Amino acid sequence: MSITVGRLALAQPLLNGSGTWDAEQAHRLFGEANPGLAGFVTKTITPEPRVGNPAPRIAPARQGLLNSIGLPGPGREAFLATLLPHLRTIVDGPIICSVGGFSLADYVDTVAALDDDPACAAIELNVSCPNVESGCASIGGDAGETERLTAAARRATTKPLFVKLSASVADIAVIAMAAEAGGADALVCVNTVKATAVDRRSGKSWFGGGGGGLSGASIRPVALHAVVACREATQLDIVGLGGVECADDVRDLVAAGASAVALGTALFRNPALACAITADLAS
Amino acid sequence: MSGVLEHATRLGPYRARVMGVEPLGGLALVRVELDSRTEVGVPGQFHMLSNPAGRDYLSRPVGLIELDGGVGFVVDQASAAADMAGPEIAVLGPLGRGFDLSETNAETTLLVAAGFGLTVMAGIGRMHRHIRLIAGLRQSDHLPLLECITGVTNDAPRIAPDLVTEPLIEALASGRYTQVLAAGPTGLGTAVARICADHGVASQVALEAPMACGFGACNGCVVPLDGTWLRCCIEGPVVDGARLLA
């Protein structure tokens, strides 16, 4: 069931959400870099290498997972020189590169570098990570900033340009329209929802890096609302994401307006989940 | 169980049948019959277990123990009743790096473990009979856990607030041991690694960390290694003790 989302052709509609899959480790352990997925969305690439947040980084939630990971990664230079060429040899399908940063220039420089690399099929602007100290969600929480960033990235690349949104904003439709005005090809709805766990003794955040985002089944209705709101507000294609666990969850997001659907937290329980859902969708 | 397990990677998740739950003081031993494709792995490796009918939304990392007549794992009693009672559970693994046992023997290797880390030592005890184990427990009603660790020669177990580090220092002072294999919380691992370094003795430590996936995807299980934060499921859970001291 081939589809097109934001000018990107996919053999079928299932992707992973950025930050929820490590294709390199999956290839080493399972012999397949992205089993059942139409392509691979990378973890967010930042200009400099990042260790990520101190432990603890995760906490269980009812029907979900709380995380405060903090965008660990090798940085732009090492990603382009080493990781992306390796991914191109192991990933089945297109590679969508997630880009993050702390200023407009951070994003644009990475987008421009990726524009020159044929291994990158599309670019996703992460303007919605709740677990870093600046940038990202603060950009995606403001319509003007989102439009300026998207427009600047648009000028830096001809590749399909996706913008990943947060539901932790006053009105996601306003942010979606800003991304559309800036020249985005597609929206990704949604990133984790701002949330936290507390240390009962101190009353402070449980997480070593503070912040926190909620994923998993508990945010599925939030994702559905976001997809509906963005569909009604824009003409853009949408990748639906949030709590998807089975074929019916995919059908719901597609009915709400998504062209493609990404899996996230549910992959942690079953790394072959996309194969199972694809089979169910075909039956 | 839903049809999702009809599709699996080469490490699963595959079904396992729960054969029984036996109380172990405040803990419980869950005996399972693994799918023929699931391997137990080497001591120190782990499996991610989940039960779609249980309370847990996420899988949990567990060390499988080879028992006379089967395989099992240890959890607290509440979890056993609510999440792992079966009739079936899903098992992914073996995952992570286990102990390098190429230099291990009962004469010059010493085992140190506490809490659930003790279960890691069961496999080593089966391979190296009479190897010495210094065991630590958080509370006295966990003592029956030691019944699962066969083959080892047990010191009198240390029950909190008594520490395993005291008998470890005494043992290393004898000069008999050239290697320590340890398992338990990060604090114990770091203390063992420090004491071993002070005595010029090599150490391998199996670390514990909360995990969401167990295969490197979530980045949630970081531990302090090499002076930075690295994924326990990929770098470990068994690491050279020196890496904890960097």
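## Where chain A meets chain B

Chain A and chain B have a count of 1 salt bridge between them. Keep in mind that this is a predicted model. The salt bridge pairs B:Arg231 with A:Asp22, and their closest N and O atoms sit 2.8 Å apart. Here's a quick tour of the interface, plus a look at one arginine in chain B.

**The interface overall**
- On contacts, 37 residues from chain A touch 29 residues from chain B.
- Putting the two chains together buries about 2,800 Å², and carbon and sulfur atoms account for 65% of that.
- On the chain A side, A:Phe30, A:Phe268 and A:Arg269 lose the most area to chain B, together making up 23% of what that side buries.
- The rule also picks out 8 residue pairs in polar contact across the interface, both partners being at pLDDT 80 or more.

**What chain A brings to it**
- Helices H1 (23-30), H9 (266-269) and H10 (273-282) of chain A, along with strands S5 (58-61) and S6 (64-67), each put at least two residues into the side that touches chain B.
- H1(A) gives the largest share of that side, with 5 residues.
- Sorted by type, the chain A side has 20 nonpolar, 11 polar and 6 charged residues.

**A closer look at B:Arg60**
- B:Arg60 belongs to strand S4 of chain B, which covers residues 60-62.
- Buried or exposed? B:Arg60 counts as buried, because its relative accessibility is 16%, under the 20% cut-off.
- Its side chain makes a polar contact with the side chain of B:Asp56, at 2.9 Å.
- Beyond its neighbours within four places in sequence, B:Arg60 is in contact with residues including B:His47, B:Leu49, B:Val75 and B:Asp83.

Methods. Residues are numbered from 1 along each chain as its sequence is written. Chains are lettered from A and ligands numbered from 1 in the order in which they are written. This is a predicted model: local features need pLDDT of at least 70, side-chain atom pairs count only at pLDDT 80 or more; totals for chains, interfaces and linings use all residues. Side-chain values use heavy atoms; hydrogens and water are left out. Contact means heavy atoms within 4.5 Å. Buried area is the accessible area (1.4 Å probe) that two parts lose on being put together, summed over both. A salt bridge is a side-chain nitrogen of Lys or Arg within 4 Å of a carboxyl oxygen of Asp or Glu. A polar contact is a pair of N or O atoms within 3.5 Å; within protein, one must be able to donate a hydrogen and the other to accept it, and residues adjacent in sequence count only if both atoms are side-chain atoms. Helices (H or I, at least four residues) and strands (E, at least two) are DSSP runs, numbered from the N terminus. Ala, Val, Leu, Ile, Met, Phe, Trp, Tyr, Cys and Pro count as nonpolar, Asp, Glu, Lys and Arg as charged, and the others, Gly among them, as polar. Buried means under 20% relative accessible area, exposed over 50%, partly exposed in between (1.4 Å probe, protein chains only).
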